[in-house]
Amino acid sequence: MEISGEEDKEEAVTLPKEVSKISISDGNKFVYQILNGPNEQCFENFRMDKPVFYKLCDLLQTRGLLRHTNRIKIEAQLAIFLFIIGHNLRTRAVQELFCYSGETISRHFNNVLNAVIAISKDFFQPNSNSDTLENDDPYFKDCVGVVDSFHIPVMVGVDEQGPFRNGNGLLTQNVLAASSFDLRFNYVLAGWEGSASDQQVLNAALTRRNKLQVPQGKYYIVDNKYPNLPGFIAPYHGVSTNSREEAKEMFNERHKLLHRAIHRTFGALKERFPILLSAPPYPLQTQVKLVIAACALHNYVRLEKPDDLVFRMFEEETLAEAGEDREVALEEEQVEVVGQEHGFRPEEVEDSLRLRDEIASELWNHYVQNMSTF
């Protein structure tokens, strides 16, 4: 099925501040002026540094996914796409800036989106050098990251809104993501209705053909919306985190700080591509693809330019800042021992519970023996 672009709508046009600094005598020269100007202008407009932008153009061309046309080069095609998702603009605003018709803007937007989707798997390959906490946290040394679900605004027809309305009454898609501790996405599953439970989406991620893979002997941490299962370590349910008098409380406190990593990852993603902050007027299939493409490009930039402005912003967020809600008790939403729906045997579930107890015991013993380090 061909994915069409959005319908043009009259709206106020608000352009990035860097655009006003450029003298544009001809809209078709906009991309040329940006790419031949200071690197800061490229980053502000296209959300990545110039070398990273050019390398992505070369990659898409080499793979045969994009090609120059008589009227518009690959650089301009990619620029249109990045400008839209990097500033959450609609076709009319971009049409007036680039001096192309709405049909041309929509066509190249979809071409680039499909091209990025075609190579997205390459950008989700694990980074073996930074996927564990082996050097940072000896108690969670086999942890490869965090799994959690996030709700992304979605726009659907009136007759489709029921399933997409989440618990807060908002229209969203429930997106499950696995994030490493270096602000990268290891896995993303988008497109589930906002009314779907987080556990239901995780079940799908573990059983579908392109499923979430947990390396042998490793695990992700998850919050209290999920059960403690092989490969997924959850906090203790019904235990507050406002004191350090017991091993379970200490475990939950440490667990919560580590879980914050996925919020920093999503924060960086939305800072770079704010189109994810509101529901864009595209077909549903396009909206789902946009989430995957944005996460893939996020990973691509992280690999090519790990210290760019956006990543620096979110790397500076300290673990201490994540502990502001420590006195909120974790709500007990489900029993601890579940998992048969995933195909796990009861003894495997018991082993995962035992592992959590071992981690909590190690934390507590170290605290008792050397209180000054906590």
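1. Leaving aside its neighbours within four places in sequence, with which residues is S352 in contact? S352 is in contact with N228, L229, P230 and I233, where contact means heavy atoms within 4.5 Å. The residue belongs to helix α13 (residues 346-369). Its relative accessibility is 5%, so S352 counts as buried; buried means under 20% relative accessible area, exposed over 50%, and partly exposed in between, with a 1.4 Å probe and protein chains only.

2. Basis of the note. This is a predicted model, in which local features need pLDDT of at least 70 and side-chain atom pairs count only at pLDDT 80 or more, while totals for chains, interfaces and linings use all residues. Residues are numbered from 1 along each chain as its sequence is written, and side-chain values use heavy atoms, with hydrogens and water left out.

3. Overall composition. The chain has 13 helices and five strands; these are DSSP runs numbered from the N terminus, helices being H or I of at least four residues and strands E of at least two. Of the 374 residues in the chain, 52% are buried. Among contacts with a separation of 6 or more, 67% are between residues 24 or more positions apart. The accessible surface of the chain is about 17600 Å², and carbon and sulfur atoms hold 47% of that area; accessible areas come from the Shrake-Rupley method with a 1.4 Å probe, and for residues only the protein chains shown count as cover.

4. The pair α6 and α11. The axes of helix α6 (residues 102-118) and helix α11 (residues 284-304) come within 9 Å and cross at roughly 60°. Axes here are lines fitted to C-alpha atoms, for helices over the stretch in contact, with angles from 0 to 180 degrees between N-to-C directions. The two helices, α6 and α11, are therefore oblique to each other; angles under 35 degrees count as roughly parallel, over 145 as roughly antiparallel, 65 to 115 as roughly perpendicular and the rest as oblique.

5. Residues between α6 and α11. From α6, F109, N110, L113, N114, V116 and I117 meet T286, K289, L290, I292, A293 and L297 of α11. The residues of this contact divide into eight nonpolar, three polar and one charged. In that division, Ala, Val, Leu, Ile, Met, Phe, Trp, Tyr, Cys and Pro count as nonpolar, Asp, Glu, Lys and Arg as charged, and the others, Gly among them, as polar.

6. F81 beside this pair. F81 is found in helix α4 (residues 74-87) and, at 0% relative accessibility, counts as buried. Apart from neighbours within four places in sequence, F81 is in contact with F109, V112, L113, L290 and L297. The C-alpha atoms of F81 and V94, 13 residues apart along the chain, are separated by 9.7 Å.

7. Helix α9. Seven of the 10 residues of helix α9 (residues 198-207) are buried, so α9 is largely enclosed by the rest of the structure. The buried residues in α9 are D198, Q199, V201, L202, A204, A205 and L206. Their cover includes the strands β1 (143-153), β2 (172-179), β3 (185-193) and β5 (232-233).

8. Backbone points to inspect. C99, in the loop between α5 (91-98) and α6, has a positive phi near 60° although C99 is a residue other than glycine. At 41% relative accessibility, C99 counts as partly exposed. L183, in the loop between β2 and β3, likewise has a positive phi, near 65°. L183 counts as buried, at 4% relative accessibility.
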